Amino acid sequence: MKRRSIVKTNIFMSLLLAGTLFLACKEKPTDTEKVSNARQPNIIYILADDLGYADIGAYGQEKIETPNIDALAQEGMLFTQHYTSAPVCAPARYMLMTGKHAGHAYIRSNSEWGERGDVWNYIAMAKDSTLEGQGPMPANTVTLAHRLKQAGYATGMVGKWGLGAPHTASIPNKMGFDFFYGYNCQRQAHTYYPLHLYKNTERVHLANDTIAPNTPFPEGADPMDIASYADFTLTDYAPDLMFKELTQFVDGNTDKPFFLYWASPIPHVALQAPQSWVDYYIEKFGKEEPYLSGGENRYFSHKNPHAAYAAMVSYLDENIGKLVQQLKDEGIYENTLIIFTSDNGPSYAGGADPEHFDSAKPFDGTYGRGKGFLYEGGIRIPMIAVWPKKIKAGSRSDHISAHYDMVATLAGVAGYEKPQDTDGISMLPTLLGEGTQEPREFLYWEFPSYGGQVALRMGDWKVIRRNLLNNDDPTLELYDLKKDPTETKNVADEHPEVLKKAAEIYARERESPELEHFKIPMVKNGLLTQK
């Protein structure tokens, strides 16, 4: 707050007395007043891509080494019941940015905007930027970045956007971010050696050959010869370039509060990782069967798929360690809130092997239960929050929370007004260990893909309905997560009162999607129709 010069002493004293009386008469401090810093804290939100609940050591991973992320858990708070807003990329990111749950969201699934033309043709996209990107958000969308920018923050994003397209109003620089570097289009992110990335609104061309995603393994090549995989490892590794830009953004904003949204594409397949890390895990894991792309096997081949996946996670962990060290070297670590999480559960495609790594432990992260599905393996995600001297080191919380709580939570951190129409609740009392945490009535999911699904969590109860797109054997499932966290015993027939309450919440909370392709035929006016 700027101080206005006061000439007359009596005026100054009157204002001081009035301010003192005002503060004394307030019943309780607001979230913003609880966070008393010399200046607003920096905020770094790290969103991994397809990282499972147990893909890091702090959550029980036994094969992949993540010492720097584990150190964050030791220095901050680990959340055991944090959820994505959606089980795939674009809607999860939309709800994070807007604070809306899926019943109110404009974007409810991935939307590749196929009516523009051959949007899946990598070469065509390289020639024509109007084929890049996903279905855009409305131009009047207010994002988390807008709110933080209005609160005085420098706002930067590095990584994967996936919420619009070039030449639309739905690009990072028009959605509240001062700076952007990375993939505008999530289809482009299916290779870590792309032909270009974006710096703000302009393409940055890279020194990579044209190797389109899903290029098959060379016909007649020897899968045991490392030379057969040469086409899948090129020159400019996008995560390296993005991390360089990220560190420069931090370095350029040490004198003012900043918000950094690091939407890392790792460990989303394709399996492409720095060779030094791959070699480390080859030595650790030993011989394994190659993953060969072609036919139904998408993305890219890799001679050592388990080593490559582990290498990607450890590479991300290494860079997180470097970022933390940079914050300490700059003298701003203690005034920085760092949140680390994932966009959804683990993938089963492209050589990723959630069963081998037990990526969603104790949940099931395989197809049908992991990414793309509303079971715990697809939506329960890791979350660690660190803020020295504010968040208790080594603490854990079973507070039930979701991506869409961030808009409300960061209002209390940054000092902007919490929007009235957000579906989230502030987690700040839990983070700071102060005050009373607002109770959570429910979490809401609606996903018009993978057969059409809806889900609701109310306390320990979890309601799921699947197969809603074409009236083909729709399910009605109810699980008691306290007794049955892995959702193995459907008790829907035993608790009609819980199902009635769920139906009432759906009817109250759901708005029909604005876009036709997000509509689920069996969900009308918030009520699930019967077959």
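Helices (H or I, at least four residues) and strands (E, at least two) are DSSP runs, numbered from the N terminus. What you're looking at is a predicted model, where local features need pLDDT of at least 70, side-chain atom pairs count only at pLDDT 80 or more, and totals for chains, interfaces and linings use all residues. Residues are numbered from 1 along each chain as its sequence is written, and side-chain values use heavy atoms, leaving out hydrogens and water.

**Stop 1: colour by confidence**

Colour the chain by pLDDT, the predictor's confidence in each residue, from 0 to 100. The chain has a mean of 92, and 91% of its residues reach 70 or more. Now select residues 1-37: here the pLDDT is below 50, and beyond near neighbours in sequence this stretch has 29 contacts in the model (contact means heavy atoms within 4.5 Å). Where pLDDT is low, the predicted coordinates should not be read in detail.

**Stop 2: an open sheet**

Next, select β12, β13, β14 and β15: they form an open sheet of four strands, in that order, with antiparallel pairing. Which strands sit at the edges? They are β12 (443-447) and β15 (477-480), each of which pairs on one side only. From one strand to the next, the twist averages 10°.

Zoom in on β13 (residues 453-458) and β14 (residues 461-465), which are antiparallel and joined by five bridges. Click A455 and you'll find its bridge partner in β14, I464.

**Stop 3: an enclosed strand**

Move to β4 (179-183). Is this strand mostly buried or exposed? Five of its five residues are buried, so β4 is largely enclosed by the rest of the structure. Buried means under 20% relative accessible area, exposed over 50%, and partly exposed in between (1.4 Å probe, protein chains only).

β3 and β4 run parallel, joined by five bridges, and V158 has Y181 in β4 as its bridge partner. With β5, β4 pairs in the antiparallel sense over two bridges; look for G182 standing opposite Y198 in β5.

**Stop 4: helix α7**

Select residues 238-251, helix α7: its 14 residues should span 20 Å at 1.5 Å a residue, and the end C-alpha atoms are 20 Å apart, which agrees. (The expected span is 1.5 Å times one less than the number of residues.) Its buried residues include M242, F243, L246 and V250. Among the elements covering the buried residues of α7 are β3, β4, β5, β7 (258-263) and α9 (305-329).

**Stop 5**

Find P267, in the loop between β7 and α8 (275-285). The peptide bond from I266 to P267 is cis, with omega near 5°. Another cis bond joins K361 and P362, with omega about 10°; P362 is in the loop between α10 (354-357) and α11 (376-379).

In that loop between α10 and α11 you'll also find D358. Its phi is near 50°, a positive value in a residue other than glycine, and at 35% relative accessibility D358 counts as partly exposed.

Finish at D50, in the loop between β1 (42-48) and α3 (67-75). The phi of D50 is positive as well, near 65°, but D50 is buried, with a relative accessible area of 1%.

Terms used: Pairing = 2+ DSSP bridges. Axes fitted to C-alpha atoms, helices over the stretch in contact; angles between N-to-C directions.
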